[in-house]
Amino acid sequence: MSHPEQHRGRWRPRLDRPALVALLFGLVGVGYRLVLTLYTVPVSNSDEATFGLAALHIGQGREHPVFLYGQHYMGMLESYLAAPLLAVFGPSWPALRLPMLALYAVFLYLVYRLTRRLYPPWFAVLVVGLLALGPERVVRDQLTVVGGRPEVKPAVLLMLLIVVGLGAGSVRHRRLAVALFGLLAGLAAWSDWLILPYLAVAVLALLWAVRRELLGWSGLLLVAGFVVGIAPMIVDNLRAGPGEDSLTVFREVSTKAGPLPPWSDRIRGGLLEGVPLAHGLCPVDGCGRWQQWFGLLYPALLVAAAALALVAYRRAVGTTPREPAAGTLRGDRAEGTPRAARVGPVVQLALVVGAALTLLSYVRSPLAATSPLDNARYLSVLQLSLPAVLWPLWAAAVAGWRGTVGALGRLTGALATAVLVALAATTLLVTVLFAVSGTAASRTEERQARELAAALRADGPHEVYGDYWTCNRLVFNTDEAVVCGVLDGDLSPGQNRYRPYWRQVGRAARPGYVVEVDSPMDRRLRRLLADRPDAAPVREVGGYRVYHPDTPVRPWR
């Protein structure tokens, strides 16, 4: 990736051509997302606002939450990362999202480093180029502060790089590296349980690489690092009441009552919608038939990638210490030891198994069939395995173009090249369409939300009721000058994640209502106030109606 260069008595790294191109792609990807961040695209929502409010409370020293308000399984690391910025700049969506942008940049750097260690340099450039693109579904998972995914992906990549370095013998402080591995695993497990399949395969790869060392101090440091990382979850669960521990709550959330859709529907939703959406091949409103091909191909690519990793491992087993297997590991200084030659295929296989387990876990859920568009975000971690998944296509394409195979191999190479070109072209097209025409709706909705916040902050009412997707965003936009209690569409108490807001509005002498124009809540409220002289809304602001009756209206009491 880089070579030391002596220049006027000073040492400077000199990037080679693939590294320079990858750096250019990375800068474009980060710059594109920076512009989106400054314009608050994708649009904010109340889930993200809850993390933002937690960050405000952390920065003010008022709260130190372990899990998202109202939950017991989604870690709050993103709020702690954003807390210093919000403490300085106040409630701001760009300030809240800037740490996610930094995590994306780290993700790109680490995925390039890992891919370069395992595969040829120009293949690493291709992977970075694809990950630099991103339509709404992809950038929403990377930039919005909704818990887990932006931070766990860099953690897993760094863990696998540690495994590669330990196996190759290129890590100087091995015990500290093992302790860091444990710390990252603990933080990731606290932050988002969706990453557990990748954590499992990373741990198995580590056990393979340094199993003997783990019997001594390294093993103790590994456990200690993991305990430190997951300590917030441990402490919270020790204090939790019956039925409020993370495992029980997560099990209840994951096992909704009702008939389970057939496997065929769940697999169809997972492969034909979830996989293409997670890799940026479709707009956020769904995949056309011409965009679903990658989902059909994905299982075959996983099988091919696993087969190539196993073949590389078997070849490495038969090499001598002075003859490392070609293509098994690149960029290390391990003198061609047998274990160094085999660690590359082991990590490649870990990436394949992690993707397979994640996909299997997803299609076991009824949501894969009933709501594939809304829940494709749970497959965003599959980006970790993109190098392993695309490697069979790259290997076949290179072999075909070099002419080192027969007629069938050349045909296979041509088809593989066409698939890679189609993948890049489709991702680029969907990204350009989103950047050119897909941001207008988000900016309009964001402007309306800010107009509403400014109007209520200036003229009141300052204690209001609203629906879930209005309340916490309104509170965040007004820096808690306006507080909001959540109601369902039938005007009954809804999901109030932060209970103090509900109690404050409940004590108000004259609370208001903020509802979307002609929404079910708006129609119910108008019927309820039909016989009252103060039934008319105070005003309409940004697509919302603001009601402020002279006497409190709380039909659930």
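**Cysteines and a lysine**

Modeller: Cys-471 is buried, with a relative accessible area of 0%, where buried means under 20% relative accessible area, exposed over 50% and partly exposed in between, using a 1.4 Å probe and protein chains only. Please keep in mind that this is a predicted model, in which local features need pLDDT of at least 70, side-chain atom pairs count only at pLDDT 80 or more, and totals for chains, interfaces and linings use all residues. Residues are numbered from 1 along each chain as its sequence is written, and side-chain values use heavy atoms, with hydrogens and water left out.

Biologist: Which cysteine does a disulfide join to Cys-471?

Modeller: Cys-471 is joined to Cys-484, S to S 2.0 Å, and a disulfide here is a pair of cysteine sulfur atoms within 2.5 Å. Cys-471 lies in helix H20 (residues 468-477) and Cys-484 in strand S4 (residues 483-486), so the pair ties together parts that are 13 residues apart in sequence; helices (H or I, at least four residues) and strands (E, at least two) are DSSP runs, numbered from the N terminus.

Biologist: How many disulfides does a search of the whole structure find?

Modeller: The search finds two, and in the other pair Cys-282 and Cys-287 have their sulfur atoms 2.1 Å apart.

Biologist: New topic: where is Lys-153?

Modeller: Lys-153 is placed in helix H7, residues 149-168.

Biologist: And what does Lys-153 touch?

Modeller: Leaving aside residues up to four places away in sequence, Lys-153 touches Phe-107, Gln-142, Ser-380, Val-381, Gln-383 and Leu-384, where contact means heavy atoms within 4.5 Å.
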